[in-house]
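Hi everyone, thanks for coming. Today I'd like to walk you through one protein model, starting with its aromatic rings and ending with its pockets. Please have a look at the picture first.

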Amino acid sequence: MQILTRRRAVGAVVALTTAALVAACSAGSGEDTGGARTDVVVGLTGEPTNLDFTTTSGSAIPQLLMNNVYEGLVTIDQEGEVQPQLAESWEVNGDRTVYTFTLHDGVTFSDGSSFTANDVVASIDRVKEDWTLSLKSKMDVVKKAEATSDTEVAVTLKHPSNAWLFDMGTSVGAMFPDDLSADLATETVGTGPYTVEEVATGEHIRLAARDDYWGEAPAIPEVTVRYFADANAQANAVRAGDIDMAYNLQTPDLLDGLEQDESLQVIDGTSNGEVLLALNNAAPPFDDLRVRRAILYAIDRKAVLDTAWAGHGELVGSMVPPTDPYYQDLTDAYPYDPDKARELLAEAGAEDLSITFDVPTRPYAEAVAQVVVSQLADVGIDATIVPAEFPAVWLDKVFTEHDYQMSVILHTEARDMLTIFGDPDYYIGYDNPRLAQAAEKADQASPDQYVAGMQEVARMIVDDAASAPLFLFPNTVVAAAGLEGVAANATTESMDLTGLRWSDG
């Protein structure tokens with residue numbers, strides 16, 4: 001996927017501290033004796049609650065750590081394609097059930113231990129046995145993993161799978177030592193080019209390049225990621241030069257001004273992130289298909305995109321972005337039709353419907369919520385916004401306890417349609433046994449049949465109005481004009497920092 005630019009632009013133990021940012025964290029502070037910058041300061045919103053993405057939900061942790069601190073056998077490149085990482089190559093047997101990976105030799109973890117096939121086996125087993133997130137289901141297809149030598153591992157699947165190798169390029173494919181004893185919430189032990197050097201809660205996380213990294217050393221020895229509670233503060237910081245890069249900028253109304261600044265480059269990257277109007281299928285009133293469909297007919301998604309996000313993004317009709325092989329245009333499945341919405345509400349006996357709308361404290365969610373509430377009012381639905389601090393409150397109340405009726409959230413995980421709708425115990429509460437059967441059949445089929453089968457699954461979810469995908473979120477990056485190697489396409493949760501470098505000019 002080509003990056004579109006609006007203007008062409010040339011694990012150690014973590015010390016948990018709430019100390020203020022030291023001077024070295026400000027942009028432009030890192031210099032060597034020749035005057036060249038040796039650091040980069042990145043600005044984000046949405047701070048990780050800890051460092052353990054095996055037991056803690058949310059994209060903020062793998063966004064920071066994958067590819068930078070942790071690596072997998074494979075990785076997903078900026079085009080959305082599977083590429084070798086810790087595995088230098090692999091072979092697949094005739095019936096597509098055994099993957100034999102040949103590993104790079106000489107790889108070490110940040111604790112100094114060697115990376116071998118035993119670590120691969122342990123990491124795969126750990127997902128199946130110890131992970132607590134719903135993402136662990138992506139490893140259910142694995143029958144066994146065996147080390148055939150220090151640098152070769154054979155993974156046997158229960159049946160052929162079109163999805164598994166791609167999934168290994170996401171956070172479930174992260175490699176850990178086989179004798180892992182670290183508390184992953186506060187320690188990182190990965191094979192990546194960086195280690196976590198410092199966590200200043202509420203302020204920043206600093207990464208330091210490893211001297212013993214097995215691959216090509218990153219050009220930037222130190223990356224500091226500063227977290228802003230307010231998206232406007234993030235934008236102002238990059239404009240003022242306090243940070244070098246604002247990743248996933250969430251202030252579309254400020255982009256025009258930033259584009260005019262010759263000291264900055266604005267890059268529109270692609271994303272897997274769908275903004276989802278989440279309906280709790282397991283609780284009234286959304287346990288009624290007619291009410292769910294009424295909601296979808298009542299929402300003018302183009303107006304939501306234009307009003308809430310200044311038209312930046314792309315309309316989607318399902319939880320499948322255009323970069324996925326089984327994408328199909330389903331945006332016309334529920335055209336804006338307030339009369340149809342009122343008709344369905346009357347049929348369901350819900351003409352004077354009142355609902356609570358739990359909205360996470362994120363800029364996109366708050367902006368979207370205002371438009372949605374107004375549109376629902378037009379068909380007689382009284383939606384009351386209940387702010388939910390994100391991530392702590394929202395993750396506990398909505399995601400974990402399922403104590404909500406309607407919410408809105410950005411789902412950033414790659415190919416997550418089945419994660420969201422394939423498990424009735426997931427927070428959406430969508431329960432359709434036919435879906436699991438259709439998805440399993442598609443996954444085991446030929447690649448062509450896989451595409452057709454997954455398109456059938458997507459249509460099934462849309463027909464049931466399980467929730468309302470509103471639009472595909474853009475990954476907008478604003479960076480200093482001299483910063484090169486920006487990986488702006490969010491093809492997985494990862495914000496890959498390893499290619500950053502300062503231009504010579």
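Let's begin with a definition: rings of Phe, Tyr and Trp count as a pair if their centres lie within 6.5 Å, and for Trp the six-membered ring is used. With that in mind, find Phe390, Trp394, Phe399, Tyr404, Tyr426 and Tyr427, which form one aromatic cluster. Please remember that what you see is a predicted model.

In total, the structure holds 23 aromatic pairs. Let me show you two of them.

Take Phe53 and Trp131. Their ring centres are 6.0 Å apart and their planes meet at 65°. Planes over 60 degrees apart count as edge-to-face, so that is what we call the pair of Phe53 and Trp131. Where do Phe53 and Trp131 lie? Phe53 is in the loop between β3 and α1, while Trp131 is in the loop between α2 and β8, so the pair ties together parts that are 78 residues apart in sequence. And are these two buried or exposed? Phe53 is buried, at 3% relative accessible area, and Trp131 is buried too, at 2%.

Now compare Trp90 and Phe101. Here the ring centres are 6.2 Å apart and the planes are at 45°, so this pair is tilted. Trp90 sits in strand β6 and Phe101 in strand β7, 11 residues apart. Trp90 is partly exposed, with 25% relative accessibility, whereas Phe101 is buried, at 0%.

One more ring before we move on: Arg415 lies over the face of Phe166, at 3.7 Å from the ring centre.

The largest pocket has a volume of about 820 Å³. It has 48 lining residues, and Gly58, Ser59, Ala60, Thr412 and Glu413 are the closest to its centre. Which helix gives the largest share of this lining? That is α1, with 4 residues. By class, the lining of the largest pocket has 20 nonpolar, 23 polar and 5 charged residues.

The second largest pocket has a volume of about 690 Å³. Its lining has 25 residues, with Ser137, Lys138, Leu418, Ala439 and Asp443 nearest the centre. For this pocket, α12 supplies the largest share, 5 residues. The lining of the second largest pocket divides into 11 nonpolar, 6 polar and 8 charged residues.

Look out for α11 as you turn the model: this helix supplies at least two residues to the lining of the largest pocket, and at least two to that of the second largest pocket.

Note on methods:
Residues numbered from 1 in each chain as written. Predicted model: local features only at pLDDT ≥ 70, side-chain atom pairs only at ≥ 80, totals over all residues. Heavy atoms only, no water. 1 Å grid on protein atoms, 1.4 Å probe; cavity = no way out; pocket = protein on both sides within 12 Å on 5 of 7 lines; lining within 4 Å. Points joined across faces, edges and corners; volume = space filled by probe spheres on them. Nonpolar A, V, L, I, M, F, W, Y, C, P; charged D, E, K, R; others polar. Phe/Tyr/Trp six-rings, centres within 6.5 Å; stacked < 30°, edge-to-face > 60°. Buried < 20%, exposed > 50% of the residue type's maximum accessible area, 1.4 Å probe, protein only. Lys NZ or Arg CZ within 6 Å of the ring centre and 35° of its normal.
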